[in-house]
Amino acid sequence: MAKNIILLGPPGAGKGTQAKRLEDDRGMVQLSTGDMLREARSSGSEMGRRVAEIMDKGQLVTDEIVIGLIAEKIEAGSEGGFIFDGFPRTLKQADALGALLASKGTTLDAVIEMRVDDAVLVKRITGRYTCGQCGAVYHDETRPTKVAGTCDACGSHDLRRRADDTEEALTTRLMEYYKKTSPLIGYYYAKGDLYPVDALAEMDSVARAIAAVLDGETA
Ligand code: ADP
Ligand code: AMP
(Lines give C-alpha, C1' and ligand atoms only; values in the text may rest on other atoms or scores of the structure.)
(Ligands and ions follow the chains in the order given, each with its own letter.)
Protein backbone atom coordinates (compact mmCIF):
# COMPACT_ATOMS: atom_id res chain seq x y z
CA MET A 1 0.00 0.00 0.00
CA ALA A 2 1.21 3.53 -0.74
CA LYS A 3 2.76 5.25 2.23
CA ASN A 4 3.44 8.90 2.97
CA ILE A 5 6.44 9.62 5.15
CA ILE A 6 8.47 12.57 6.39
CA LEU A 7 12.26 12.43 6.67
CA LEU A 8 12.96 14.80 9.55
CA GLY A 9 16.45 15.88 10.53
CA PRO A 10 19.00 18.70 10.37
CA PRO A 11 20.83 19.69 7.17
CA GLY A 12 23.23 16.89 6.27
CA ALA A 13 21.35 14.16 8.17
CA GLY A 14 21.02 12.18 4.94
CA LYS A 15 17.39 12.91 4.00
CA GLY A 16 18.00 13.42 0.28
CA THR A 17 20.28 10.37 0.07
CA GLN A 18 17.66 8.11 1.61
CA ALA A 19 14.80 9.70 -0.33
CA LYS A 20 16.52 8.85 -3.63
CA ARG A 21 16.90 5.23 -2.52
CA LEU A 22 13.24 5.01 -1.55
CA GLU A 23 12.28 6.37 -4.97
CA ASP A 24 14.40 3.70 -6.67
CA ASP A 25 13.39 0.84 -4.38
CA ARG A 26 9.71 1.54 -3.79
CA GLY A 27 8.42 3.89 -6.47
CA MET A 28 7.74 6.58 -3.92
CA VAL A 29 7.97 10.25 -4.95
CA GLN A 30 10.45 12.59 -3.23
CA LEU A 31 9.09 16.05 -2.49
CA SER A 32 12.06 18.21 -1.52
CA THR A 33 11.11 21.84 -0.96
CA GLY A 34 14.83 22.73 -1.13
CA ASP A 35 15.03 21.23 -4.65
CA MET A 36 11.82 23.01 -5.69
CA LEU A 37 13.16 26.35 -4.45
CA ARG A 38 16.51 25.82 -6.21
CA GLU A 39 14.62 25.03 -9.41
CA ALA A 40 12.61 28.26 -9.03
CA ARG A 41 15.88 30.15 -8.61
CA SER A 42 17.49 28.73 -11.70
CA SER A 43 14.35 29.38 -13.75
CA GLY A 44 14.75 33.07 -12.89
CA SER A 45 11.13 33.33 -11.70
CA GLU A 46 9.99 36.21 -9.53
CA MET A 47 9.61 33.86 -6.57
CA GLY A 48 13.08 32.41 -7.21
CA ARG A 49 14.61 35.89 -7.10
CA ARG A 50 12.81 36.67 -3.84
CA VAL A 51 14.04 33.55 -2.03
CA ALA A 52 17.63 33.38 -3.32
CA GLU A 53 19.18 35.69 -0.75
CA ILE A 54 17.29 34.08 2.14
CA MET A 55 18.43 30.60 1.10
CA ASP A 56 22.07 31.60 0.70
CA LYS A 57 22.10 32.99 4.22
CA GLY A 58 20.63 29.73 5.54
CA GLN A 59 17.36 31.22 6.76
CA LEU A 60 13.91 29.72 6.16
CA VAL A 61 11.72 31.10 3.40
CA THR A 62 8.11 31.95 4.26
CA ASP A 63 5.60 29.24 5.12
CA GLU A 64 3.23 30.52 2.42
CA ILE A 65 5.74 29.91 -0.36
CA VAL A 66 6.67 26.35 0.60
CA ILE A 67 3.11 25.34 1.49
CA GLY A 68 2.04 26.58 -1.96
CA LEU A 69 4.76 24.50 -3.66
CA ILE A 70 3.84 21.34 -1.72
CA ALA A 71 0.08 21.82 -2.22
CA GLU A 72 0.51 21.65 -6.01
CA LYS A 73 2.42 18.36 -5.76
CA ILE A 74 0.01 16.72 -3.33
CA GLU A 75 -2.83 17.74 -5.60
CA ALA A 76 -1.13 15.84 -8.46
CA GLY A 77 -1.03 12.67 -6.28
CA SER A 78 1.44 9.75 -6.19
CA GLU A 79 0.58 6.08 -6.48
CA GLY A 80 3.65 4.99 -4.55
CA GLY A 81 3.25 7.59 -1.80
CA PHE A 82 5.26 10.71 -0.97
CA ILE A 83 8.56 11.20 0.85
CA PHE A 84 8.56 14.69 2.35
CA ASP A 85 12.20 15.82 2.47
CA GLY A 86 12.93 19.17 4.14
CA PHE A 87 9.21 19.82 4.64
CA PRO A 88 7.59 20.55 7.04
CA ARG A 89 10.10 22.78 8.83
CA THR A 90 7.71 24.73 11.10
CA LEU A 91 4.61 23.87 13.11
CA LYS A 92 2.52 25.92 10.68
CA GLN A 93 3.84 23.83 7.78
CA ALA A 94 3.11 20.62 9.73
CA ASP A 95 -0.51 21.67 10.31
CA ALA A 96 -0.86 22.61 6.64
CA LEU A 97 0.53 19.24 5.54
CA GLY A 98 -1.98 17.37 7.72
CA ALA A 99 -4.83 19.39 6.22
CA LEU A 100 -3.60 18.94 2.63
CA LEU A 101 -3.31 15.16 3.02
CA ALA A 102 -6.73 14.97 4.71
CA SER A 103 -8.27 16.91 1.82
CA LYS A 104 -7.03 14.16 -0.52
CA GLY A 105 -8.41 11.45 1.80
CA THR A 106 -4.97 10.28 2.85
CA THR A 107 -2.71 10.51 5.92
CA LEU A 108 0.85 10.47 7.10
CA ASP A 109 2.13 6.97 7.90
CA ALA A 110 5.44 7.68 9.62
CA VAL A 111 7.84 10.46 10.52
CA ILE A 112 11.40 9.16 10.41
CA GLU A 113 13.55 11.18 12.80
CA MET A 114 17.09 11.00 11.42
CA ARG A 115 19.30 11.33 14.48
CA VAL A 116 22.85 12.66 14.07
CA ASP A 117 25.42 14.62 16.08
CA ASP A 118 26.16 18.17 14.99
CA ALA A 119 29.86 17.26 14.89
CA VAL A 120 29.44 15.16 11.72
CA LEU A 121 27.33 17.72 9.89
CA VAL A 122 30.12 20.14 8.94
CA LYS A 123 32.01 17.31 7.24
CA ARG A 124 28.92 16.00 5.50
CA ILE A 125 27.83 19.43 4.27
CA THR A 126 31.19 20.78 3.14
CA GLY A 127 31.96 17.53 1.26
CA ARG A 128 28.58 17.30 -0.49
CA TYR A 129 28.06 17.59 -4.25
CA THR A 130 25.04 16.65 -6.33
CA CYS A 131 24.17 15.87 -9.92
CA GLY A 132 22.44 18.85 -11.50
CA GLN A 133 20.58 16.55 -13.91
CA CYS A 134 19.21 13.68 -11.78
CA GLY A 135 19.78 14.95 -8.22
CA ALA A 136 22.00 12.04 -7.10
CA VAL A 137 23.87 12.97 -3.90
CA TYR A 138 27.64 12.43 -3.47
CA HIS A 139 30.35 13.17 -0.92
CA ASP A 140 34.07 13.76 -1.40
CA GLU A 141 34.96 11.07 1.15
CA THR A 142 31.99 8.88 2.02
CA ARG A 143 30.39 8.60 -1.41
CA PRO A 144 32.48 9.85 -4.33
CA THR A 145 31.40 9.16 -7.93
CA LYS A 146 33.03 6.01 -9.33
CA VAL A 147 34.54 8.02 -12.21
CA ALA A 148 35.66 11.51 -11.19
CA GLY A 149 33.39 14.19 -12.67
CA THR A 150 30.72 11.76 -13.94
CA CYS A 151 27.41 10.98 -12.22
CA ASP A 152 27.10 7.22 -11.48
CA ALA A 153 23.34 7.32 -11.91
CA CYS A 154 22.85 9.21 -15.20
CA GLY A 155 26.34 9.76 -16.69
CA SER A 156 26.03 13.56 -16.61
CA HIS A 157 29.10 15.75 -16.00
CA ASP A 158 26.94 18.44 -14.35
CA LEU A 159 28.14 17.96 -10.76
CA ARG A 160 27.48 20.94 -8.48
CA ARG A 161 28.12 22.28 -5.00
CA ARG A 162 25.46 24.34 -3.26
CA ALA A 163 26.01 28.02 -2.44
CA ASP A 164 24.72 27.42 1.12
CA ASP A 165 26.96 24.41 1.83
CA THR A 166 29.51 26.51 3.71
CA GLU A 167 30.40 26.35 7.41
CA GLU A 168 29.05 29.89 7.85
CA ALA A 169 25.61 29.22 6.33
CA LEU A 170 25.45 25.87 8.12
CA THR A 171 25.63 27.66 11.49
CA THR A 172 22.50 29.65 10.59
CA ARG A 173 20.78 26.60 9.09
CA LEU A 174 21.36 24.64 12.32
CA MET A 175 20.03 27.50 14.46
CA GLU A 176 16.92 27.64 12.28
CA TYR A 177 16.56 23.87 12.64
CA TYR A 178 16.76 23.91 16.44
CA LYS A 179 14.50 26.95 16.84
CA LYS A 180 11.80 26.22 14.28
CA THR A 181 11.98 22.61 13.11
CA SER A 182 13.02 20.51 16.11
CA PRO A 183 9.68 21.24 17.91
CA LEU A 184 8.16 18.97 15.25
CA ILE A 185 9.80 16.01 16.99
CA GLY A 186 7.48 16.51 19.99
CA TYR A 187 4.54 17.32 17.71
CA TYR A 188 4.77 14.01 15.85
CA TYR A 189 5.77 12.01 18.94
CA ALA A 190 2.52 13.12 20.58
CA LYS A 191 0.60 11.90 17.53
CA GLY A 192 2.32 8.48 17.74
CA ASP A 193 3.91 8.94 14.31
CA LEU A 194 7.59 9.30 15.26
CA TYR A 195 10.23 6.64 14.45
CA PRO A 196 13.83 7.54 15.41
CA VAL A 197 16.61 6.11 13.24
CA ASP A 198 20.38 6.23 13.84
CA ALA A 199 21.48 8.37 10.88
CA LEU A 200 25.14 8.32 11.99
CA ALA A 201 25.34 4.76 10.73
CA GLU A 202 26.56 4.02 7.20
CA MET A 203 24.09 4.64 4.38
CA ASP A 204 23.03 0.99 3.86
CA SER A 205 22.24 0.54 7.57
CA VAL A 206 20.18 3.72 7.60
CA ALA A 207 18.28 2.46 4.54
CA ARG A 208 17.59 -0.87 6.27
CA ALA A 209 16.31 0.89 9.41
CA ILE A 210 13.93 3.03 7.32
CA ALA A 211 12.75 -0.05 5.38
CA ALA A 212 11.98 -1.78 8.70
CA VAL A 213 9.74 1.13 9.70
CA LEU A 214 7.97 1.14 6.32
CA ASP A 215 7.46 -2.61 6.44
CA GLY A 216 6.04 -2.42 9.95
CA GLU A 217 8.85 -4.38 11.57
CA THR A 218 9.25 -1.86 14.39
CA ALA A 219 6.49 -1.13 16.85
P1 ADP B 1 20.21 16.18 3.74
O2 ADP B 1 19.32 15.92 2.55
O3 ADP B 1 19.60 15.69 5.03
O4 ADP B 1 20.69 17.59 3.85
P5 ADP B 1 22.14 14.56 2.22
O6 ADP B 1 21.39 13.30 1.90
O7 ADP B 1 22.31 15.53 1.11
O8 ADP B 1 21.51 15.27 3.54
O9 ADP B 1 23.56 14.12 2.80
C10 ADP B 1 24.55 15.10 3.15
C11 ADP B 1 25.94 14.58 2.76
O12 ADP B 1 26.28 13.48 3.62
C13 ADP B 1 26.03 14.06 1.34
O14 ADP B 1 27.28 14.42 0.80
C15 ADP B 1 25.90 12.53 1.48
O16 ADP B 1 26.60 11.84 0.46
C17 ADP B 1 26.50 12.28 2.86
N18 ADP B 1 25.80 11.22 3.61
C19 ADP B 1 24.47 10.95 3.64
N20 ADP B 1 24.20 9.91 4.46
C21 ADP B 1 25.39 9.52 4.97
C22 ADP B 1 25.78 8.48 5.90
N23 ADP B 1 24.87 7.67 6.46
N24 ADP B 1 27.10 8.37 6.20
C25 ADP B 1 28.01 9.21 5.64
N26 ADP B 1 27.73 10.19 4.77
C27 ADP B 1 26.43 10.35 4.43
P1 AMP C 1 17.42 22.00 1.88
O2 AMP C 1 17.69 21.66 0.44
O3 AMP C 1 16.30 21.20 2.47
O4 AMP C 1 18.69 21.96 2.72
O5 AMP C 1 16.91 23.51 1.89
C6 AMP C 1 17.73 24.57 1.42
C7 AMP C 1 17.13 25.91 1.83
O8 AMP C 1 15.84 26.09 1.20
C9 AMP C 1 16.84 26.10 3.32
O10 AMP C 1 18.00 26.51 4.05
C11 AMP C 1 15.75 27.18 3.28
O12 AMP C 1 16.29 28.45 2.98
C13 AMP C 1 14.92 26.74 2.08
N14 AMP C 1 13.86 25.77 2.45
C15 AMP C 1 13.75 24.48 2.02
N16 AMP C 1 12.66 23.89 2.53
C17 AMP C 1 12.05 24.82 3.31
C18 AMP C 1 10.89 24.81 4.12
N19 AMP C 1 10.12 23.71 4.25
N20 AMP C 1 10.57 25.96 4.79
C21 AMP C 1 11.31 27.07 4.68
N22 AMP C 1 12.44 27.14 3.95
C23 AMP C 1 12.82 26.03 3.24
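Predicted model: local features only at pLDDT ≥ 70, side-chain atom pairs only at ≥ 80, totals over all residues.
**Stop 1: helix 1**

Select residues 15-26, which form helix 1. Color the buried residues: Lys15, Thr17, Gln18, Ala19, Lys20 and Leu22. Now show what covers them. The cover includes strand 1, strand 2 (29-32), strand 3, strand 4, strand 6 (137-139) and helix 9.

At 1.5 Å a residue, the 12 residues of helix 1 should span 16 Å, and the end C-alpha atoms are 16 Å apart, so the two agree. Step past the end of the helix to Gly27. Its phi is positive, near 65 degrees.

**Stop 2**

Go back to Ala13, in the loop between strand 1 and helix 1. Is Ala13 buried or exposed? Its relative accessibility is 2%, so Ala13 counts as buried. Select its contacts beyond four places in sequence: Met114, Val116, Leu121, Arg124 and Ala199. Ala13 and Arg115 are 102 residues apart along the chain, yet their C-alpha atoms are separated by 7.2 Å.

**Stop 3: Asp85, a buried charge**

Select Asp85 in strand 3 (residues 82-85). Asp85 is buried and has no salt bridge. Which side chain of opposite charge is nearest? It is Lys15, 5.0 Å away. Lys15 is one of the buried residues of helix 1 from the opening stop. The 5.0 Å gap is beyond the cut-off, because a salt bridge here needs a nitrogen and an oxygen within 4 Å.

Now show what Asp85 touches, leaving out residues up to four places away in sequence. The list is Leu7, Lys15, Gly16, Ala19, Gln30, Leu31, Ser32 and Thr33.

**Stop 4: helix 9**

Select residues 203-214 for helix 9. The buried residues are Val206, Ala207, Ile210, Ala212, Val213 and Leu214. They pack against strand 1 (5-8), helix 1, strand 4 (110-115) and strand 8 (194-198).

At 1.5 Å a residue, 12 residues should span 16 Å; the end C-alpha atoms of helix 9 are 17 Å apart, which agrees. After the helix comes Gly216, with a positive phi near 70 degrees.

**Stop 5: helix 8 and two partners**

Two packed helices are described by the angle between their axes and the distance between the axes. Select helix 8, residues 183-191. Show the side chains in contact: Leu91, Ala94, Asp95 and Leu97 from helix 5 meet Pro183, Leu184, Tyr187 and Tyr188 from helix 8. By class, this contact has 7 nonpolar, no polar and 1 charged residues.

On the helix 7 side, pick Tyr177, Tyr178, Lys179, Lys180 and Thr181; on the helix 8 side, pick Pro183, Leu184 and Ile185. This contact has 5 nonpolar, 1 polar and 2 charged residues. Pro183 and Leu184 meet helix 5, and Pro183 and Leu184 also meet helix 7.

**Stop 6: salt bridges**

Side chains of opposite charge can pair when their charged atoms come close. How many salt bridges does the model have? The count comes to 19.

Begin in helix 3, residues 46-57. Lys57 and Glu53 form a salt bridge at 4.0 Å, N to O. Why can they meet? They are 4 residues apart in helix 3, so about one helical turn separates them. Lys57 is partly exposed, at 43% relative accessible area, and Glu53 is exposed, at 57%.

Move to Lys146 and Asp152. Their closest N and O atoms are 4.0 Å apart, in a salt bridge. Lys146 is exposed at 75% relative accessibility. Asp152 is partly exposed at 32%.

Finish at Asp164. It forms a salt bridge with Arg162, with the closest N and O atoms 3.0 Å apart. Asp164 counts as buried, at 8% relative accessibility.

How values were computed
Residues numbered from 1 in each chain as written. Chains lettered and ligands numbered in written order. Heavy atoms only, no water. Helix = DSSP H or I, 4+ residues; strand = E, 2+ residues; numbered from the N terminus. Expected span 1.5 Å × (residues − 1). Buried < 20%, exposed > 50% of the residue type's maximum accessible area, 1.4 Å probe, protein only. Contact = heavy atoms within 4.5 Å. Axes fitted to C-alpha atoms, helices over the stretch in contact; angles between N-to-C directions. Nonpolar A, V, L, I, M, F, W, Y, C, P; charged D, E, K, R; others polar. Lys, Arg positive; Asp, Glu negative; His and termini not counted.
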